[in-house]
Amino acid sequence: TLPTELAQLTNLQHLALYQNQFVGMVPEEYSVLTDLTTLLVDNNDLIGAIPQGVCDLMPSRNEQYQHYNNFDKTEDDPKILD
């Protein structure tokens, strides 16, 4: 499970949690990380949908790697990658 406590690091800019066999969902609490420019959660076993608050942080941000998980996909959400 991704630790919700990371949301307390309000100045966090780069979050690299790839290849750690995390399971579960991306916590909604991460929506408060307004300085976040890099989100790397690929190669885990994450499920569900990326919280909208987290997606809203990332559209103009540098990097976002989410592939090789089991995220929900919709046609109108191109941010979710295989």
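In what sense do β4 and β6 pair, and over how many bridges? They pair in the parallel sense, over 2 bridges. The legends below take this sheet and one threonine in turn.

This is a predicted model, in which local features need pLDDT of at least 70 and side-chain atom pairs count only at pLDDT 80 or more, while totals for chains, interfaces and linings use all residues. Residues are numbered from 1 along each chain as its sequence is written, and side-chain values use heavy atoms, with hydrogens and water left out.

**View 1. An open sheet in the order β2-β4-β6.** Here 3 strands come together with parallel pairing. Strands (E, at least two residues) and helices (H or I, at least four) are DSSP runs numbered from the N terminus, and two strands pair if DSSP finds at least two bridges between them. β2 (23-24) and β6 (70-71) are at the edges with a single partner strand each, so one side of each has no neighbour in the sheet.

**View 2. Residues facing each other across the strands.** β2 joins β4 (residues 45-48) in the parallel sense over 2 bridges. Look for Val 23 opposite Asp 45 in β4. For the β6 side, find Ile 47, whose bridge partner in β6 is Asn 70.

**View 3. Thr 38 in strand β3 (residues 38-40).** Thr 38 has a relative accessible area of 6% and is therefore buried (under 20%; exposed is over 50%, partly exposed in between; 1.4 Å probe, protein chains only). Its side chain makes a polar contact of 2.9 Å with that of His 14. Such a contact is a pair of N or O atoms within 3.5 Å; within protein, one must be able to donate a hydrogen and the other to accept it, and residues adjacent in sequence count only if both atoms are side-chain atoms. Gln 13, 25 residues from Thr 38 in sequence, is 6.5 Å away in space, C-alpha to C-alpha.
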